[in-house]
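Hello,

Here is the structure we spoke about. Please have a look, then read the notes below.

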Amino acid sequence: MTQGAGQGPEVERTATLRDFRVPAYVHETGPFHQDQQDDTAPPAEESYPEGYTPTQRDLPVIHRGDTLQVPVDPAPAAPAPQPAAGPGPLFVVGDVHGYLDELMTALREQGLINDAGQWCAGTTRLWFLGDFTDRGPDGIGVIDLVMRLSAEAAAAGGYCKALMGNHELLLLGAKRFGDTPVNSGAGTATFQAAWLLNGGQKTDMDRLQDHHLQWMARLDAVEQVDGYLLVHSDTTAYLDFGDSIEAVNDNVRETLTRNDADECWDLFRKFTKRFSFRDEGGADAVRTLLDTYGGTRIVHGHSPIPYLLGEVGSEDDEEGTGPVVEGPHVYADGLAIAMDGGVTMAGKLLVRQLPLEH
């Protein structure tokens, strides 16, 4: 440090709070009292230029003891997650066979679709038991509806699913193999001839597209839901394809994938068998399927209820005087539930919730 004339040596010192200019209003309201101000503080009347913003030098030093301790309540605990809602009610639909208008009416009556034909049943689960085409006027329209409802139901938290029926196998075979001869076990046959003989509709074949074929070929043959074993046909022939639901479904799909006409014909032929549960020993046949695949009751389509009651001998008896079908038919010691109301013979297209109302 240099020395000025006539002055003692300057002494270095550390700046203290006294060296900082603190605005008067801070002294009046801050931690210092007016009588504690030193002579370096500006007078109270001193003002700052308009627009002046205090800098860090101008701000007071605040010590821990000068602050006000404000208790803060802990954040409220997040609400406990609600348990997921259980599955919705379970409905099954019998054979439709191209009767689109009747299907729409039955679905509306059960509150599954609205007046516009859209899914309105929320988390409800809906199973179709197969046979969407043939005999009736609009089989492709039925398939389109089921495919659309599948998407709409899934978006609402429910589902709409379908099983493989013998008429799906028949339509697939007629499209793939046409007039190619197959070994029917009783001479030569063709899928095309069998399809026409069993009510094949030219309008369905004309409108059949690749996505319809792919959808049909991927359908499951057997499922078990809520203790109900769901199948299309009232036959024990499912046992020929495996001893588990997964094995049966895999083997059916693999057979269709191989695209061998004779193999597909054998598959179709086995799916057309019926009445395994109707006559003497029928309850035991049901128990064999239940013991193998699980479940406590079996639900099927395929054989119209008038057939099972022995009142009508042929599906060609469209003007027959068979019994009026009002609901599913429970038989085989109560173990089997038939859902084909015989819509193709002036019967009823059945859509019912399980368990059945008594």
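A residue is called buried here when its relative accessible area is under 20%, and exposed when that is over 50%. Please keep in mind that this is a predicted model.

**Helix 9**

By that cut-off, helix 9 (residues 261–271) has these buried residues: A261, C264, W265, L267, F268, K270 and F271. What do they pack against? Their partners are helix 4 (166–177), helix 5 (191–197) and helix 8 (245–258), together with strand 4 (182–183) and strand 5 (188–189). The N-terminal end of helix 9 is capped by D260. A side-chain oxygen of D260 lies 3.1 Å from the backbone nitrogen of D262.

**Cysteines**

C264 has 5% relative accessibility, so it counts as buried. How many disulfides does the structure hold? The number is zero.

**Helices 2 and 3**

Two packed helices are described by the angle between their axes and the distance between those axes. For helix 2 (residues 100–109) and helix 3 (residues 139–155), the angle is about 30° and the axes are 9 Å apart. The crossing of helix 2 past helix 3 is right-handed. Helix 2 brings L100, L103, M104 and L107 to the contact. Helix 3 brings G141, V142, L145 and L149. By class, this contact has seven nonpolar residues, one polar and no charged.

Best wishes

Note on methods
Residues numbered from 1 in each chain as written. Predicted model: local features only at pLDDT ≥ 70, side-chain atom pairs only at ≥ 80, totals over all residues. Heavy atoms only, no water. Axes fitted to C-alpha atoms, helices over the stretch in contact; angles between N-to-C directions. Helix = DSSP H or I, 4+ residues; strand = E, 2+ residues; numbered from the N terminus. Left-handed = near helix turned anticlockwise from the far one by under 90°. Contact = heavy atoms within 4.5 Å. Nonpolar A, V, L, I, M, F, W, Y, C, P; charged D, E, K, R; others polar. Disulfide = S-S within 2.5 Å. Buried < 20%, exposed > 50% of the residue type's maximum accessible area, 1.4 Å probe, protein only. Polar contact = N/O pair within 3.5 Å; in protein donor to acceptor, adjacent residues only side chain to side chain.
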